[in-house]
Amino acid sequence: RRCLRGADQWEMLGVRRISFLRNIINKIQGKMLVGSDKKGNKFWEIDEGEGRRRREIEYPDAMEFDPRSVAPEWRMWVKGQMSEPPTEEVLARGQAERDYTAQKVKELDEEEARQKLSAPKPTSIAWDPNAGKQ
């Protein structure tokens, strides 16, 4: 382990101090970290007093966030459609269902493409103006 000297040491102390101060501010504001996901998104519940709570997402990069990076289960919790935050089991089951659906869609698309290629092409018959006049 290397010893921090000079600017590196002060920078490290600054990071720790900012983290410590952020935790104090969050507690004063009634902000509680409920969970996080593998993509670095953090999920917060904020006590607004009088029994009201607000939920929000903190993206790892606020300038280039992608709302699609949030699992549907977490979005449901943030919108108040779930009373409890999703567990790892619920998240895994949801991802397995999405993977299964995507695989089925791929299989159906491939089958439809095969059917289009193997279907006989309609033959056209030239129109005869004298047909049926006999």
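Let's start with the open sheet: three strands in the order S1-S2-S3, paired antiparallel. Strands here are DSSP runs of E of at least two residues, helices are runs of H or I of at least four, and both are numbered from the N terminus; two strands pair if DSSP finds at least two bridges between them. The edges belong to strand S1 (31–36) and strand S3 (52–58), each of which pairs on one side only. On average, neighbouring strands are turned by 25° against each other, direction ignored (axes are lines fitted to C-alpha atoms, for helices over the stretch in contact, with angles from 0 to 180 degrees between N-to-C directions).

A word on what you're looking at: this is a predicted model, where local features need pLDDT of at least 70 and side-chain atom pairs count only at pLDDT 80 or more, while totals for chains, interfaces and linings use all residues. Residues are numbered from 1 along each chain as its sequence is written, and side-chain values use heavy atoms, with hydrogens and water left out.

Now walk along the sheet. S1 and S2 run antiparallel and are joined by five bridges, one of which partners Lys31 with Ile46 in S2. The two strands make a hairpin with five residues between them, and Gly40 in the turn has a positive phi of about 90°. Lys31 does something else too: its charged end sits over the ring of Trp44, 4.8 Å from the centre (that is, NZ of Lys or CZ of Arg within 6 Å of the ring centre and within 35 degrees of the ring normal). Gly49 has Arg52 in S3 as its bridge partner, and the hairpin of S2 and S3 has two residues between the strands, with Glu50 at a positive phi near 55°.

Next, look at Phe43, whose bridge partner in S3 is Ile57. How many aromatic pairs does a search of the whole structure find? There are two, counting rings of Phe, Tyr and Trp (its six-membered ring) with centres within 6.5 Å; planes under 30 degrees apart are stacked, over 60 edge-to-face, and the rest tilted. Phe43 and Trp74 make a stacked pair, at 3.9 Å centre to centre and 0° between the planes. This pair links distant parts of the chain, 31 residues apart: Phe43 is in strand S2 (residues 42–49) and Trp74 in helix H2 (residues 72–78).

Phe43 is buried at 0% relative accessible area, and Trp74 is buried at 4% (buried is under 20%, exposed over 50%, partly exposed in between, with a 1.4 Å probe and protein chains only). Trp74 also pairs with Trp77: the centres are 5.7 Å apart and the planes at 90°, so this pair is edge-to-face. Trp74 and Trp77 are about one helical turn apart because they lie three residues apart in helix H2.

The largest nonpolar core has seven residues: Phe43, Val70, Ala71, Trp74, Trp77, Met82 and Leu91 (buried Ala, Val, Leu, Ile, Met, Phe, Trp, Tyr and Cys residues joined through side-chain atoms within 4.5 Å). Leu91 sits in helix H3 (residues 88–118) and is buried at 16% relative accessible area. Beyond its neighbours within four places in sequence, Leu91 is in contact (heavy atoms within 4.5 Å) with Ala71, Glu73, Trp74, Pro86 and Arg98.
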